[in-house]
Amino acid sequence: VEKEPVPLRTYSMTERMNADPVAEIPFTGNKGIMLGDVYDGKATLEDFVAQLTDEEMCYMVRGEGMCSPKVTPGIAAAFGGVTDELKAYGIPCAGCSDGPSGIRMDCGTKAFAMPNGTCLACTFDLALCEELYQWEGKELRKNRIDTLLGPGMNLHRNPLNGRNFEYFSEDPLLTGKMAAAQLKGMAAYGVTGTIKHFAANNQEHHRRNFNSIISERAVREMYLRGFEIAVKEGDAYSIMSTYGAINGLWTAGNYDLITTILRGEWNYDGLVMTDWWAFMNDEGGEATVQNTAAMVKAQNDLYMVTADSKTNANDDNLAERLASGMLERRHLQRCAKNILKVLMKSPVMERSLGRMSQEEKEAFEQMDASDKVDFDIIFHEFEDGKMALDTTVANTDKGNSLLYGIKCDQKGVYTIRMKVKVEASELAQVNTSIFINEHLINMITMNGTGDEWQIKECDIMLFGPNNYLKFFFAESGTRLDGITLEYKEELQPFF
């Protein structure tokens, strides 16, 4: 049996990253340059970025979600102009939606479910796939969503990978071609997909902790080939890194993956975002959700997601590393430029300038009433752990829904109390279904009550800061006289 030594890396990736020649743009302070001026060719992107403080750029590299009220209700994240300071520069807030098999909106808005990636790849029909995703692009545009979080394009390397249904094939060529076709289809309507997960996402179980040990040859010839095709042939300009690590370095902070290969060798000129609540690490260090500085230095531009960008809800290390010199202003500027370039490619830029296309206006006006998206859902806030919801305009006839936006500062168990009566016979069974973020959490069944009002209550769990509470009325006859929410107790561990 003949053996040969395993090839090992002979350089320090940290030293390579620190030696990156990106230059700092001298700080000028606010000169009154708006992002719209850059978009219209009246100013350079460099002059615009020169105005931004370190703090403002730290805000920008933090995406917000899930269900952020700053973008289309119920989608996965918002990025760009996520604070008042950034919006004051004319930076719009773009929206991302899961993906990859159609639009997911956790407020209950309906959208088409697309065939999954494996099913589409079985057709080997690039033209048909592109045409299908033109329809997806139209639906994204109608719902004011700037990027679909897909296509998923990792390889089928393990039959037990829980994401296999999202991915196309075990073949990198077919994977790349199919992804490029989807991107071209969506581009016909001015939107795009965020190709994911970059790279080597081979398992879903313990997805944030796994470490894939792979040779450089296998990475380049197999795991990266599909992504390269999507970038070069599909003009991808939004990419999501993975949860896990390749050879001990978590991909969200992997400089060689994101800068040396993706941007340097493939000439990629878009943004890279993390997967949701991803880990990041320095070379040889522990992986955590707080090491956003490692992400920025690697040129993974955007951390997904945090509850609040300005207050640093994830307690990341950006300020600490800036103060110590381990992170420099030039690194933040580079990420800010990448994010801003993608915003200016997205439909949200023209909308923010009051230039919504006639096509988009008509698409929205032609929607059926049941498909209309309420882009201005009011978010209610708790006061001393209590909240009262107005029901005076509720339409409780059969098939209707009642939707509220709920902001929650404390995750926990909350009690919903409804003052309700049912105008139906004593033998009737009238159901009201209760959803949180489009997940059914309870169903209240009542018989006819005549003129008698009753108090019905149930407990719900709120995990995140932004939530959609929906009541669906399966039969007519329900009458409401107020709904209240009240904090009950902390969430208990599941195990």
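Predicted model: local features only at pLDDT ≥ 70, side-chain atom pairs only at ≥ 80, totals over all residues.
The cores come first. The largest nonpolar core has 109 residues. Phe79 and Trp276 are the residues with the most contacts inside that core. Helix H14, residues 329-345, gives the most to this core, namely eight residues. If you look around phenylalanine 79 and leave aside its neighbours within four places in sequence, its contacts include Ile339, Val342 and Leu343. Also among them are Pro92, Cys93, Leu271 and Met304. There is a second, separate core of 27 residues, and Val422, Ile434, Ile460 and Leu469 are included in it.

Next, strand S16, residues 412-422. Of its eleven residues, nine are buried. Which strands pair with S16? One is S19, residues 454-462, which is antiparallel to S16 and joined to it over nine bridges. Within that pairing, tyrosine 414 has isoleucine 460 as its bridge partner. The other I will mention is S21, residues 478-489, also antiparallel to S16 and joined by nine bridges. Here methionine 418 stands opposite isoleucine 483.

Last, asparagine 254. Its place is the loop between strand S10, 249-250, and helix H11, 255-265. Is asparagine 254 buried or exposed? Its relative accessible area is 7%, and buried means under 20%, so asparagine 254 counts as buried. A polar atom of its side chain lies 3.1 Å from the backbone nitrogen of leucine 257. Setting aside neighbours within four places in sequence, asparagine 254 is in contact with Met13, Ile246, Leu249 and Ala298.

How values were computed. Residues numbered from 1 in each chain as written. Heavy atoms only, no water. Helix = DSSP H or I, 4+ residues; strand = E, 2+ residues; numbered from the N terminus. Buried < 20%, exposed > 50% of the residue type's maximum accessible area, 1.4 Å probe, protein only. Polar contact = N/O pair within 3.5 Å; in protein donor to acceptor, adjacent residues only side chain to side chain. Contact = heavy atoms within 4.5 Å. Pairing = 2+ DSSP bridges. Core = buried A, V, L, I, M, F, W, Y, C linked by side-chain atoms within 4.5 Å.
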